[in-house]
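Could you walk me through this structure in my viewer? I would like to know what to select next and what I will find there.

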Amino acid sequence: MTIPKNPVEGADPDIDRGIISPSERSRLSVRLGLLVLSILVIGTLALVAAGPILWLAKSAVSTTQDILREPFAWWPSGIQWDNLVQAWNGIDVGRALANTVLIALGNWFFGLLVALTGGYALAILRPRYARVLTAMVLATLFIPSIVSLVSLYLTVIDVPLIHANLIDTFWSVWLPSAATAFNVLLVKNFFEGLPKEVFEAARVDGANALDVFWRIVLPMSKPIIGVVSLLTLVSAWKEFLWPLLVLPSAGVQPLSVVLYKAANTAETAVLIAGMFISVIIPLLLFLVFQKQFLRSAGQAGAIKG
Amino acid sequence: MTNRPTTATRRRRGPAHALVRWYRGGGAGNLLFTLPLLVIFALFSWWPISRSLVLSFQHTNLVTPATWVGFDNFARVFADPLLPTAAWNTLWFTILAVLIGFPVPILLAVFIGELRRTRGLASVLVYIPVIIPPVVAVLLWKQIFDPSPNGLLNTVLGWVGIGPLPWLQSAAMAMPSIVVQATWAGFGTTTIIYLAALMSAPPELYEAAELDGAGIAKRAWHITLPHLRTVILLMLILQVIGTFQVFTEPFVMTGGGPNNSTLTVLMLIFRYAFVIGDYGKATALSLLLALLLSVLSAVYLWATRKWNRT
């Protein structure tokens with residue numbers, strides 16, 4: 001499987017043609033039409049997609065009175081930087097942010113560990129039981145996750161064999177999230193596309209399975225590691241229902257759960273300041289790594305096929 | 001009796017020998033690399049899935065040992081007067097989500113695909129809502145749907161003389177309002193996927209059509225849309241599978257109200273399991289929902305195969 005080109009980076013202008021041809025583009029009517037289309041699309045998107053976020057940023061430093069009475073006015077009662085401080089300490093957004101980061105990093109680590117070692121075993125080492133395992137992993141892709149919501153909860157309360165209760169520990173989020181068939185199959189497909197001769201030559205030279213994995217496979221896998229990392233981190237940041245179930249103590253809850261709980265108790269301005277804090281990190285990361293984000297989004301569509 | 005020791009020794013040597021051969025052949029290394037996947041999937045995927053089948057035929061309260069009750073859980077699910085409400089609400093959400101949210105990304109992707117200098121900017125803008133964590137997005141839209149005349153949306157509508165509207169406070173308007181929010185949160189992903197598919201449309205087709213005298217609109221209708229056909233079908237099925245499991249949006253936005261008008265099937269499962277503690281009933285309902293989704297998944301799989309072949 002190949003990584004498709006980023007749909008956003010314009011290709012060679014001679015090849016990169018859509019419905020409208022280059023010769024038509026030189027016509028005045030088409031150029032005017034495209035200019036209007038461009039302004040309309042960008043304008044609408046800026047208003048609809050970015051508008052609410054800008055309003056969130058503005059309201060994060062407004063008084064509750066201003067937010068509720070004059071939502072479109074620019075700080076009639078002055079800028080309230082104190083909202084951010086109150087959100088950080090008062091509704092514990094600071095600790096929730098740290099928890100979210102820890103959960104995301106753990107999901108990322110265990111997700112990559114399982115996907116990379118598993119993908120390597122299934123695609124390159126291929127022991128006799130590999131086919132059965134692949135089928136069993138593939139099967140879970142087609143079983144809706146709702147089937148096991150309740151029984152997964154009961155499993156986490158009392159893990160089979162070791163009889164541990166993972167409730168209120170990050171393990172209860174990290175470990176179940178690593179059982180993502182999609183990531184394993186994504187990596188497996190990628191590994192199957194790597195040139196086999198390289199591994200075989202290394203094995204003949206006396207390299208063992210670990211050497212091949214560490215020195216040859218991993219350095220060749222940067223693109224797929226990037227895609228899986230991004231998918232894992234983004235989905236970890238978005239998780240809500242599962243952390244709500246398995247992390248009942250306020251001290252370990254991520255932003256999504258803390259903000260949900262604060263929605264009924266906190267003052268509006270403080271809640272909105274907390275929401276803004278929880279948005280700003282993913283938003284900045286997206287703006288910096290937009291190409292990677294958009295490529296992995298297109299990738300997710302291509303691979304689901 | 002006399003040959004008993006020899007078989008015993010052969011037996012003892014046999015497996016040991018096989019073990020050594022397996023080890024020298026790299027079997028231990030293979031197993032070592034398979035282990036993380038094996039342990040994680042066994043504990044947190046295969047075991048819970050199989051246990052669901054068992055749980056749905058049992059009464060469990062985690063204190064006394066589970067008892068087998070046959071189809072009692074399923075019978076109690078069907079006897080719940082809230083089930084038709086939740087099922088209809090979920091279907092209503094799906095219908096509205098398809099009507100409101102489905103055509104937008106297709107049109108948008110076709111438009112953005114024709115832009116040159118602003119395509120990058122448009123893609124970034126499209127994807128911004130996807131980056132916002134769902135709970136924050138829902139809480140933000142709860143502010144937008146503020147029913148007072150000074151609410152965000154009501155202020156805007158007030159400029160053109162409409163409203164104020166009750167949005168989430170009315171049983172008739174709550175679900176459509178939630179769908180608008182869910183569409184806002186989700187259209188970016190689909191648009192980017194369509195855009196990626198559009199970029200793979202062969203330029204020769206457009207050139208040929210142009211030589212045949214087909215105008216811009218004709219080319220869009222006869223080449224672009226047919227090229228997207230299979231992706232459109234896949235996105236439709238994926239969207240339906242997703243909307244059947246809708247939870248966060250109604251849960252955070254309205255909690256199922258007003259008057260259960262936004263109670264969905266997944267919220268009902270959540271209530272059974274984590275409010276009442278009736279795990280058997282919850283599992284029975286989730287199996288029923290999953291059965292429905294599996295049919296959709298099968299269609300999806302079939303469509304993907306077809307797509308990959310073309």
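## A guided tour

Start by colouring chain A by confidence: this is a predicted model, and chain A averages a pLDDT of 86, with 92% of the residues scoring at least 70. Now select residues 1-14 of chain A, where the pLDDT is below 50. Beyond near neighbours in sequence, this stretch has 31 contacts in the model.

Next, show both chains and pick out where they touch. The contact draws on 86 residues of chain A and 87 residues of chain B. On the chain A side, helix α2 (residues 28-60) supplies the largest share, 12 residues. Sorted by class, that side of chain A holds 64 nonpolar, 17 polar and five charged residues.

Stay on helix α2 of chain A and click L54(A), which is found in this helix. Is L54(A) buried or exposed? L54(A) has 11 other C-beta atoms within 10 Å, and 12 or fewer counts as exposed, so L54(A) is exposed.

Now turn to the largest nonpolar core, which has 158 residues. Y120(A), M275(A) and Y127(B) have the most contacts inside this core. Helix α9 (residues 174-199) of chain B gives the most to the core, with 16 residues. Domain 1 (4-55) and domain 2 (72-309) of chain B both contribute residues, so the core lies between them.

Finish by zooming in on Y120(A). Leaving aside residues up to four places away in sequence, Y120(A) touches L125(A), F191(A), F213(A) and V217(A), as well as F33(B) from chain B.

Conventions: Residues are numbered from 1 along each chain as its sequence is written. Chains are lettered from A and ligands numbered from 1 in the order in which they are written. This is a predicted model: local features need pLDDT of at least 70, side-chain atom pairs count only at pLDDT 80 or more; totals for chains, interfaces and linings use all residues. Two residues are in contact if their C-beta atoms, placed from the backbone, lie within 7 Å. Helices (H or I, at least four residues) and strands (E, at least two) are DSSP runs, numbered from the N terminus. Ala, Val, Leu, Ile, Met, Phe, Trp, Tyr, Cys and Pro count as nonpolar, Asp, Glu, Lys and Arg as charged, and the others, Gly among them, as polar. A nonpolar core is a set of buried Ala, Val, Leu, Ile, Met, Phe, Trp, Tyr and Cys residues joined through C-beta atoms within 7 Å. A residue is buried if 20 or more other C-beta atoms lie within 10 Å of its own, exposed if 12 or fewer, and partly exposed in between; C-beta atoms are placed from the backbone. Domain bounds come from an automatic or database domain assignment. pLDDT is the predictor's confidence in each residue, from 0 to 100.
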